[in-house]
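Please look at the sequence and the fold below with care, and keep both at hand while reading the report that follows.

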Amino acid sequence: MDDSLRIAILGAGPIGLEAALYARYLGYQVQLFERGESAAANVLAWGQVRLFTPFGMNASPLGVAALQAQNDSWLSPASDEFLSGAELYQRYWRPLAESDLVAGVLQCETEVAAIGRQGWLKREGVGDEQRGEAPLTLLLRHADGSESYTHADVVIDCTGTFGNHNWLGQGGIPALGESVAACKIEYGLPDVLGEAKERYLDKHTLVVGAGYSAATVLTQLAELSGGATRVTWITRGEGDAPIGRIGGDRLDARDELAVRANALAADAGVSGKGASVAHFAATTIIAVEYRAETDDFEVELAGGQTGKFVFNRIVANVGYHPDNKIYSELQVHECYASGGPMKLAAQLGNGSADCLDQSSCGPASLLNPEPNFYILGSKSYGRNTQFLLSIGLEQIRDLFTIIGEREDLDLYKTTAVNNQTTQ
């Protein structure tokens, strides 16, 4: 490989770590930037949640081989073991970030604030090969507030979507007053049976959303046994079954969650239910007002339920979207619906509701008009929620066939064969 090629990877989450490891194995010059204090730290924000998919789908053979080579005492989780986010962090992603090949290129507390093409403006050089010959310039913002430039021949954006929440209001815009109240609203997955329990016990919580995140929060809140604990669940869809079940679901835990959440919505006498649960279907939020003097919210609803209601807590599991400002000066063709790269978005509509039916769309789907700039991981899916870590690993493999100009390049396959040979 061209060991003079400079690759900058943005975001040291699971996919960023794996991409850096792959590039390092191939001998490229790598810089891995993470704006947080440590790699993959965002995982701990939902660390109490157990993934539907087993370890073998969430880790690469290359990562496992690297950790085994680094430390003889490191024990890999079983490929069929189902781990929580915190367990994956402790047992795989953190050790991977601390391994020699990754730790040597990882720069934490370093935010990539913007990317440009040296010598070219966004509107210039459309389709011109000379544009791709100029290096990409990255504006770095450091923990002490200082800024600096660095340059790269290839940039891989793995910054994901976590933290860029959607809004509660109609049509996806903020509800009236929501922007002011947002700092008091929980847009993630609180550990309501653990460290956040006292915040939700004996409170009336509004849960918004019809996905598996909302179902997770709802079912956990329902287990709280405080006499005054109440939950109101709002979904935009109609009917008493907000979570769509997948026929013959291959992920047992996913189907079990859907069944329990739907039963709570229908108030079907769920055994062991602690908190009282009410479900408002076909309901939208018009306005949200946080009242500091009483530490609660006044929420105006319309549709299935109309009027003003008071809630002590709000958990808004309304999804995330990509933050594309970082590459606003590059020539990136974005999907008008998902916000992800257009070539990939055009191939994602396979008609299946099951994320397990997704597969890599191939190297060509990762290309966009800006030469040598790529988006991998959940950010590449934009607002599409069917992304899997296993898809991200396939994207890494596909990308380096482009960068290395070798269609048959597959370190994952080679490493897996070598592992089997030595066992």
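A nonpolar core is a set of buried Ala, Val, Leu, Ile, Met, Phe, Trp, Tyr and Cys residues joined through side-chain atoms within 4.5 Å, where buried means under 20% relative accessible area, with a 1.4 Å probe and protein chains only. The model is predicted, so local features need pLDDT of at least 70 and side-chain atom pairs count only at pLDDT 80 or more, while totals for chains, interfaces and linings use all residues. Residues are numbered from 1 along each chain as its sequence is written, and side-chain values use heavy atoms, with hydrogens and water left out.

The largest nonpolar core has 57 residues, of which Ile 7, Leu 17, Tyr 92 and Phe 400 touch the most other members. Among the elements that give two or more residues to this core are β1 (6–10), α1 (14–25), α3 (61–70), α4 (85–98) and α12 (389–403); helices (H or I, at least four residues) and strands (E, at least two) are DSSP runs, numbered from the N terminus. Leaving aside residues up to four places away in sequence, Phe 400 touches Ile 7, Tyr 22 and Ile 156, among others, where contact means heavy atoms within 4.5 Å. A second, separate core of 24 residues includes Ala 215 and Val 277.

The strands β3-β2-β1-β7-β15, in that order, form an open sheet of 5 strands with parallel pairing; two strands pair if DSSP finds at least two bridges between them. At the edges, β3 (106–107) and β15 (373–375) each pair on one side only. Between β1 and β2 the parallel pairing runs over 5 bridges, and Ala 8 has Gln 31 in β2 as its bridge partner.

Two helix pairs can be set side by side. Axes are lines fitted to C-alpha atoms, for helices over the stretch in contact, and angles run from 0 to 180 degrees between N-to-C directions.

| Helix pair | Axes come within | Crossing angle |
|---|---|---|
| α3 and α4 | 10 Å | roughly 70 degrees |
| α1 and α3 | 10 Å | roughly 70 degrees |

Because angles of 65 to 115 degrees count as roughly perpendicular, α3 and α4 are described in that way, and α1 and α3 are likewise roughly perpendicular to each other. In the second pair, Glu 18, Leu 21, Tyr 22 and Tyr 25 of α1 meet Leu 62, Gly 63 and Ala 66 of α3.

Key:
Buried < 20%, exposed > 50% of the residue type's maximum accessible area, 1.4 Å probe, protein only. Parallel < 35°, antiparallel > 145°, perpendicular 65-115°, else oblique.
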